[in-house]
Amino acid sequence: MKKMDPYLKSKLFIILKLLLFAVFTALVIIGHGVEGFAGIGLMLAGLVCLLGLLYVYNRSYVDRPQKNAKK
C-alpha cells in the first residue's frame with residue numbers, strides 16, 4: 001500500500017478542519033433560531049465540538065514532557 005504524501009495529507013487535514021468548523025458554527029447559528037431544549041441542545045453540541053476542534057488545534061503548540069527527561 002502506497003503512503004500518502006505528507007504535504008497532501010496536511011492540506012487535506014486543513015480542509016477537513018475548515019469544513020468541520022463551518023458545520024459546528026452552523027449548529028450554533030441554527031440552534032439559536034430553534035425554540036426550546038432542542039435549540040439549546042444544538043447550540044451546546046456545536047459549542048462542545050468547536051471547543052474540541054480548538055483543543056486539537058492547540059495540541060500541536062503544547063510542550064510535551066519527555067519520558068526519560070532528567071530533572
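Which element gives the most to the lining of the largest pocket? That element is α1, with four residues.

## Basis of the model

This is a predicted model, in which local features need pLDDT of at least 70 and side-chain atom pairs count only at pLDDT 80 or more, while totals for chains, interfaces and linings use all residues. Residues are numbered from 1 along each chain as its sequence is written, and side-chain values use heavy atoms, with hydrogens and water left out.

## Helix packing

The axes of α1 and α2 (lines fitted to C-alpha atoms over the stretch in contact, with angles from 0 to 180 degrees between N-to-C directions) come within 7 Å and cross at roughly 155 degrees. α1 is therefore roughly antiparallel to α2, a term for angles over 145 degrees.

In the contact between them (heavy atoms within 4.5 Å), residues of α1 including F21, F24 and V28 meet residues of α2, among them L42, L50 and L53. By class, this contact has 13 nonpolar, five polar and one charged residues, with Gly counted as polar.

## The largest pocket

The volume of the largest pocket is about 160 Å³, taken as the space filled by probe spheres set on the grid points. A pocket is an open set of points on a 1 Å grid where a 1.4 Å probe fits, with protein on both sides within 12 Å along at least five of seven lines, and lining residues have an atom within 4 Å of a point.

I14, K17, L18, F21, L53, Y57, S60 and Y61 line this largest pocket; α1 (6-33) and α2 (37-59) are the elements that give two or more residues to the lining, helices being DSSP runs (H or I) of at least four residues.

Technical notes. Parallel < 35°, antiparallel > 145°, perpendicular 65-115°, else oblique.
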